[in-house]
Amino acid sequence: MQSLVIEGYLAADPSILSAQGSGKKRASLRVLETTRFRKADGSAGERTTAFNCLCFNEATAENYIGPFAKKGTRVVIQGHVENDTWTSRDNVEHYDLRVIVADIRLKNRREQAGEHPQAGHEVQEPASGYDLEDDIPF
């Protein structure tokens with residue numbers, strides 16, 4: 001089995017899909033990874049590769065990817081590669097590689113400007129009597 005780690009950005013909001021028979025949730029996402037390099041003539045070059053990824057872990061798909069992963073989110077994915085083949089309506093056979101996600105980390109989960117914190121995540125004042133915003137006297 002080929003293991004790999006990809007660090008890149010989501011090309012679009014992930015799709016949370018339900019399996020037809022069991023109803024189990026899975027996430028489908030596309031990750032873009034850009035490599036920068038120098039060409040032989042010394043000029044800068046850049047190559048972007050897109051990876052189609054599937055996460056079959058239902059809890060991860062519903063509770064982590066669904067609410068927090070959005071287009072442009074920086075992600076680190078660990079998984080393995082599988083071949084995918086299908087025949088189109090015009091009887092042409094297609095081949096694709098996809099990454100089956102074993103672990104995913106979202107790198108910029110901080111609140112966006114203008115968003116309100118989720119319930120239960122209130123900011124508490126320090127327990128001591130000190131105001132952390134005061135200037136330090138030395």
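Modeller: Start with Arg74 and Glu7. Their side chains meet in a salt bridge, 2.2 Å from N to O. Arg74 lies in strand β5, residues 74-87, and Glu7 lies in strand β1, residues 3-10, so the pair ties together parts that are 67 residues apart in sequence.

Next, follow strand β5 to Glu82. Glu82 forms a salt bridge with Arg98, and the closest N and O atoms are 3.5 Å apart. This pair also links distant parts of the chain, with Glu82 in strand β5 and Arg98 in strand β6, 16 residues apart. Glu82 is partly exposed, with a relative accessible area of 30%. Arg98 is partly exposed too, with 23%. The pair does not stand alone. Glu82, Asp84 and Arg98 are linked in a network of salt bridges.

A further bridge joins Asp103 and Arg105, with the closest N and O atoms 3.3 Å apart. Asp103 is partly exposed at 27% relative accessibility. Arg105 is partly exposed at 47%. In total, the structure holds 5 salt bridges.

Now take Leu106, which lies in strand β6, residues 93-106. Leu106 is buried, because its relative accessible area is 9%, and the cut-off for buried is under 20%. What does Leu106 touch, leaving aside its neighbours within four places in sequence? Its contacts are Tyr64, Phe68, Ala69, Thr73, Arg74 and Val75.

From the N terminus on, the order is β-β-β-β-α-β-β. Pairings across the sequence show up in the contacts as well. Of the contacts with a separation of 6 or more, 56% are between residues 24 or more positions apart. Buried residues make up 20% of the 138 residues. The accessible surface comes to about 10,800 Å², and 47% of that surface belongs to carbon and sulfur atoms.

Cys53 is in no disulfide, and the nearest cysteine sulfur, that of Cys55, is 9.7 Å away. Seen from Cys55, the closest cysteine sulfur is in Cys53, and 9.7 Å is too far for a bond. Both cysteines are buried: Cys53 at 1% relative accessibility, Cys55 at 2%.

Last, confidence. The chain averages a pLDDT of 82, and 78% of the residues score at least 70. Over residues 116-132 the pLDDT is below 50, and beyond near neighbours in sequence this stretch has 4 contacts in the model. Where pLDDT is low, predicted coordinates should not be read in detail.

Note on methods: Residues numbered from 1 in each chain as written. Predicted model: local features only at pLDDT ≥ 70, side-chain atom pairs only at ≥ 80, totals over all residues. Heavy atoms only, no water. Disulfide = S-S within 2.5 Å. Buried < 20%, exposed > 50% of the residue type's maximum accessible area, 1.4 Å probe, protein only. pLDDT = per-residue confidence, 0-100. Contact = heavy atoms within 4.5 Å. Helix = DSSP H or I, 4+ residues; strand = E, 2+ residues; numbered from the N terminus. Areas by Shrake-Rupley, 256 points an atom, 1.4 Å probe, with all protein chains shown as cover. Salt bridge = Lys/Arg side-chain N within 4 Å of Asp/Glu carboxyl O.
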